[in-house]
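Okay, thanks for coming, everyone. I'd like to walk you through some aromatic rings today, so let's get the picture up.

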Amino acid sequence: MSTITTPSLPSTQKAVLYNIETKTLSLSTSHPVPAPSEKEHLIRVHSTAITNGELTWAPFCPDWPTEHVPCYDVSGTIVIPVPGSDLKPGDKVFGRVDAQREGTAQEYATILQSENARLPAGIGMLEAASVPMSAHTAWQALFEKGLLTGDFNRVPYVDETSGEIVGKELAKGKRVLILNAAGGVGLHAVQFGNLVGAWVVGTASKKNEEWLKGLGADEVVDYRNMSIKEYVAGDDAKKFDLVFDCVGGESMLDGWNGVKEEGGVYISVAPGFGEPQGGKPKGVRSEWFIMEARGKELEHIGKFITKGVLKTAVDSAYEMEGFEEAFARSASGRAKGKVVLRVGKDE
Ligand SMILES: NC(=O)c1ccc[n+]([C@@H]2O[C@H](COP(=O)([O-])OP(=O)(O)OC[C@H]3O[C@@H](n4cnc5c(N)ncnc54)[C@H](OP(=O)(O)O)[C@@H]3O)[C@@H](O)[C@H]2O)c1
């Protein structure tokens with residue numbers, strides 16, 4: 001790896017490392033500060049978030065070095081901007097770095113201009129790190145892949161002049177089911193579905209019901225006590241135009257019971273997506289996808305944060321030294337929102 005030698009910057013730094021051979025995490029105090037390419041900003045990291053399962057991605061990321069920096073959701077301040085960009089040193093930004101590259105559990109990291117957005121007003125740096133991957137995934141699942149509003153060119157937005165939200169009825173009459181509404185992706189999906197007027201049902205533990213209703217869920221199905229098969233109970237009117245799976249496994253398979261025949265859509269981002277035994281219901285479109293980081297999309301989503309209609313949730317925050325606990329918490333599959341590592345101190 002090339003290093004950077006700008007006098008005001010250290011040449012080495014603190015970083016969490018994941019060894020892809022021994023499959024162990026460690027904290028280094030002498031990891032090289034990366035040199036940005038001409039398409040990347042160098043940022044001083046404030047916070048970074050963990051994605052459940054990310055340490056299992058090595059087989060899909062052939063360019064990871066043996067000692068790879070994990071975590072791809074980041075908030076921080078610009079140190080060296082991309083030449084010609086309108087960002088300057090000290091500007092606050094957030095974004096999601098492509099998992100094929102080095103992550104952001106380090107004091108200085110690089111992020112492509114195309115992945116990066118200015119920090120919206122109304123959110124702190126720690127909370128901001130919990131947003132990008134989850135918000136992109138939910139936005140793309142509902143509007144781009146799920147076509148909840150009929151066309152990805154027709155999405156809700158905050159009108160610059162009036163400050164009003166436009167598109168609040170774009171999905172009125174549509175029924176959406178979010179499997180795992182309380183995880184990072186699900187909690188954003190609930191809010192986006194609600195934003196466009198859909199009837200939103202989420203699966204979660206009973207303890208998260210009131211919280212999810214506060215975020216805009218119309219109904220919460222306690223997955224520990226009721227399956228989707230039992231919820232619809234053969235009543236086609238209770239089936240969904242769009243089912244979005246953020247959990248996988250048995251719950252993903254059960255989710256097929258909720259998709260409307262002839263026109264229903266089933267979208268998944270969880271590992272192991274598959275069709276039920278006997279094939280999928282007639283006339284159902286389905287897709288598993290990997291989200292894409294897009295700075296402009298994040299800026300668009302950030303306006304809902306500033307407006308106060310999009311909330312985020314930090315399940316728990318750890319100092320870098322608490323990396324093992326933090327990764328264990330995320331891997332437990334019990335996090336309500338995201339697990340965040342606080343890397344820097346400055347706001
Ligand atoms: N393909 C992509 O582009 C992409 C992008 C982002 C994330 N992902 C994947 O999406 C999945 C979700 O990630 P996440 O960060 O949103 O959430 P997460 O951290 O995996 O979810 C934790 C939550 O799941 C709930 N939960 C556990 N089992 C459940 C079940 N059977 N039904 C309903 N809820 C259940 C837990 O609630 P209780 O503790 O109350 O039970 C907890 O609140 C992960 O597998 C992640 O790798 C994929």
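**Rings around a tryptophan**

Let's start with phenylalanine 192: its relative accessibility is 0%, so it counts as buried (under 20% relative accessible area is buried, over 50% exposed, in between partly exposed, using a 1.4 Å probe and protein chains only). Before I go on, this is a predicted model, where local features need pLDDT of at least 70, side-chain atom pairs count only at pLDDT 80 or more, and totals for chains, interfaces and linings use all residues. Residues are numbered from 1 along each chain as its sequence is written, and side-chain values use heavy atoms, with hydrogens and water left out.

Rings of Phe, Tyr and Trp (its six-membered ring) pair if their centres lie within 6.5 Å; planes under 30 degrees apart are stacked, over 60 edge-to-face, the rest tilted.

Take tryptophan 139 and phenylalanine 143: centres 4.7 Å apart, planes at 75°, so they're edge-to-face. They sit 4 residues apart in helix α2 (residues 132–145), about one helical turn. Helices here are DSSP runs (H or I, at least four residues), numbered from the N terminus, and strands are E runs of at least two.

Now back to phenylalanine 192. Its ring centre is 5.1 Å from that of tryptophan 139 and the planes are at 85°, so this pair is edge-to-face too. It links distant parts of the chain: tryptophan 139 is in helix α2 and phenylalanine 192 in helix α3 (residues 184–195), 53 residues apart.

Put together, Trp139, Phe143, Phe192 and Phe304 make up one aromatic cluster.
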